[in-house]
Amino acid sequence: MKSFSESYKAAGVDITAGYAAVELMKQHVARTMTPGAIGGLGGFGGLFELDMTGLTHPVLVSGTDGVGTKLKIAFLMDKHDTVGIDCVAMCVNDVITCGAKPLVFLDYIACGKNYPEKIASIVAGVAEGCVQAGAALVGGETAEMPGFYPEQEYDLAGFTVGVVEKSKIIDNTKMQAGDAVIALPSSGVHSNGFSLVRKIFNVEYADIWQHYDELSGTLGETLLTPTKIYVKPVLALMEQVDVRAVSHITGGGFYENIPRALAAGCVAKLEKKSLRMPPIFPLLQKVGKIPERDMFNTFNMGVGMAVVVPGDRADESVRILKEAGEDAYILGEIAKGAEKGVELC
């Protein structure tokens, strides 16, 4: 007998819609399967067999995050196949900062009403993010919560688990004055600062399809550009260069995130003239009349990730990153300071 409850459906939860969503998403999940993934969807837990080859003292590293109010842009545009990339990116970009390779990912979708095609579209984005990160999507949860969320809205979060050899954990202990800071360009606003973005453009009441001369697409298309995933290029760099530190530039911008990766007594001196800033950032500053300090303390300003390497290997590091598909460039250097922080020169 198939599972079905007329009473539950009358209360707003159609469990058959959940089954339909699972069937639709299976093709997307299949794209993410890596050799360690065991089983498929439908179990109570996601299984993964850890390959210990080359590992003598493995350390598991976990990270969790969501997409935040960027989802409001997806609702307004009725486009749901990219926010899953953001969800994966916010998690895997965090764990790569200490040198961990992401192994698995799980998502959580809470919605007011389960529209199977919409849920499958969200998961398609999650799967694409997992493919880019080399992680297996081994499970997830879709919670239909009528009366808690509006019918057309949802929230999306997830978490990842990665692994790193203990002796190769990146912990900034080798950082010293003269090290180089390399910028990995962002694809745009990524998935941070959207409460301010939405206020600046008044997006709930403005034309999300509006064109600005500064932008190549509409406002909505530009804002919905998914967060870039840096896992594979950064791992390629770590295999060849003694990386001193990695900073994922998320909410809080330069002033909050870069110091988190600095050693005591170190200052990151960054050249503003070297920044390669997507046009959305000057537009945000102009329309919102935002002070420069607040821009750098809220947004990534075109730098999705900052990597610190020995100064004499800076050019080599840029070359390796370029060969891995990242248009990286030298943004500044590490100097001695009374306390760790960021100086924009």
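**Entry 1. Largest pocket**

I looked up where the largest pocket sits: domain 1 (8-168) and domain 2 (179-344) both give residues to its lining, so the pocket lies between them. The domain bounds come from an automatic or database domain assignment.

I noted that this is a predicted model, where local features need pLDDT of at least 70, side-chain atom pairs count only at pLDDT 80 or more, and totals for chains, interfaces and linings use all residues. Residues are numbered from 1 along each chain as its sequence is written, and side-chain values use heavy atoms, with hydrogens and water left out.

I used this meaning of pocket: on a 1 Å grid over the protein atoms alone, an open set of points where a 1.4 Å probe fits, with protein on both sides within 12 Å along at least five of seven lines; lining residues have an atom within 4 Å of a point. Volume is the space filled by probe spheres set on the points, which are joined across faces, edges and corners.

The largest pocket holds about 900 Å³. I found 33 lining residues, with G99, V164, E165, K168 and L235 nearest the centre. β4 (101-111), β6 (154-165) and α8 (231-240) are the elements giving two or more residues to this lining. Helices (H or I, at least four residues) and strands (E, at least two) are DSSP runs, numbered from the N terminus. By class, I read 14 nonpolar, nine polar and ten charged residues. Ala, Val, Leu, Ile, Met, Phe, Trp, Tyr, Cys and Pro count as nonpolar, Asp, Glu, Lys and Arg as charged, the others, Gly among them, as polar.

**Entry 2. Second largest pocket**

I read a volume of about 690 Å³. Of its 29 lining residues, G18, V22, G140, E141 and T142 are closest to the centre. β5 gives the largest share of the lining, eight residues.
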